[in-house]
Amino acid sequence: MHILIVDDDQDNRTILTTRLQRRGFQISTAKTGIEGLMLALQLKPDLILMDMSMPELHGWGATAQLKASPQTRAIPVIAITAYTLSGDRERCMAVGCDAYVEKPIDFNHLLSTIQRVAERHSIALEIKLGG
């Protein structure tokens, strides 16, 4: 499974990339919403992990654009966010996110969310144990 991580924080990208690659995922990364849109069009990943708080183009805007485009609308998007106030989950879902994971990220919860979203979208998935 190919996952595109869109997050402006280098540490978050590195940690997620390392941990997900250990589990057998192919990873690409983008540091801005604009770069994420371009890579989504180019690479057609199976799933996108989208940080919602980024400069230039935040995750809400990037997700809305992905879901508005016939070329990318079918790609599932999981919101990765520190926005945990009442209504934030609904706001993420309203722009087209398929799931919502709060920061700091509980990696086991993230893996189960990826698995649930993959099953819902009939994406083949095999997660390596450990790591």
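1. Let's start with a cysteine. The sulfur of Cys97 has its closest cysteine sulfur in Cys92, and at 5.0 Å that is too far for a bond. Keep in mind that this is a predicted model.

2. Now look from the other side. For Cys92, the closest cysteine sulfur sits in Cys97, again 5.0 Å away and too far for a bond. Searching the whole structure turns up 0 disulfides. In case the term is new to you: a disulfide is a covalent bond between the sulfur atoms of two cysteines.

3. Are these cysteines buried or exposed? Cys92 is buried, at a relative accessible area of 0%. Cys97 counts as buried too, because its relative accessibility is 6% and the cut-off for buried is under 20%.

4. Next, have a look at Ser28, which you'll find in strand S2, residues 26-30. Ser28 has a relative accessible area of 16%, so this serine is buried as well.

5. What does Ser28 touch, once residues up to four places away in sequence are left out? The list is His2, Ile3, Leu4, Ile5 and Leu43. With His2 there is also a polar contact between the side chains, at 2.7 Å.

6. Last stop: Pro55. You'll find Pro55 in the loop that runs between strand S3 (47-51) and helix H3 (59-68). Pro55 counts as partly exposed, with 47% relative accessibility.

Conventions:
Residues are numbered from 1 along each chain as its sequence is written. This is a predicted model: local features need pLDDT of at least 70, side-chain atom pairs count only at pLDDT 80 or more; totals for chains, interfaces and linings use all residues. Side-chain values use heavy atoms; hydrogens and water are left out. A disulfide is a pair of cysteine sulfur atoms within 2.5 Å. Buried means under 20% relative accessible area, exposed over 50%, partly exposed in between (1.4 Å probe, protein chains only). Helices (H or I, at least four residues) and strands (E, at least two) are DSSP runs, numbered from the N terminus. A polar contact is a pair of N or O atoms within 3.5 Å; within protein, one must be able to donate a hydrogen and the other to accept it, and residues adjacent in sequence count only if both atoms are side-chain atoms. Contact means heavy atoms within 4.5 Å.
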